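The sequence and the model come before the discussion.

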Amino acid sequence: MAAGFEISFIDTETARWLEDAPDDGLCVKRFRADFIVDNLHSFEDGETIVIDGESYIIIKKGKRCYGECNLLKRTGRPCSLASGTAFGKKEE
């Protein structure tokens with residue numbers, strides 16, 4: 001996980017997509033979310049998500065794609081992980 005990020009989130013719809021995602025995606029096999037969040041798309045960087053009584057700050061929405069990803073090469077567009085994820089940290 002990138003420096004400064006402690007927690008990873010994935011949107012509910014993206015998590016469902018990931019269950020049956022093509023296995024030629026580079027991140028499809030690697031990405032592991034700490035939390036699945038309904039409507040993650042509606043949150044912005046800097047917002048707080050409360051999960052089980054704990055507060056987490058979204059530092060960065062989305063993730064970058066890698067040029068060596070075969071899924072990206074094959075389709076010519078980012079997969080659902082690019083927009084259906086976020087990274088953050090526990091609020092102190």
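Is Cys 69 buried or exposed?

## Basis

This is a predicted model, in which local features need pLDDT of at least 70, side-chain atom pairs count only at pLDDT 80 or more, and totals for chains, interfaces and linings use all residues. Residues are numbered from 1 along each chain as its sequence is written, and side-chain values use heavy atoms, with hydrogens and water left out.

## Cysteines

Cys 69 is buried, at a relative accessible area of 11%; buried means under 20%, exposed over 50% and partly exposed in between, with a 1.4 Å probe and protein chains only.

The whole structure contains 0 disulfides, a disulfide being a pair of cysteine sulfur atoms within 2.5 Å. For Cys 69, the nearest cysteine sulfur belongs to Cys 79, 6.4 Å away. The sulfur of Cys 79 has its closest cysteine sulfur in Cys 65, and at 5.9 Å this is too far for a bond.

## Fold and dimensions

The order of elements along the sequence is β-α-α-β-β-β-α-α-β, giving 4 helices and 5 strands. These are DSSP runs, numbered from the N terminus: helices are H or I of at least four residues, strands E of at least two.

The C-alpha atoms fill a box of roughly 40 × 25 × 20 Å along the principal axes. Of the 92 residues, 37% are buried.

Where contacting residues (heavy atoms within 4.5 Å) are at least 6 apart in sequence, 68% of the contacts join residues at least 24 apart.
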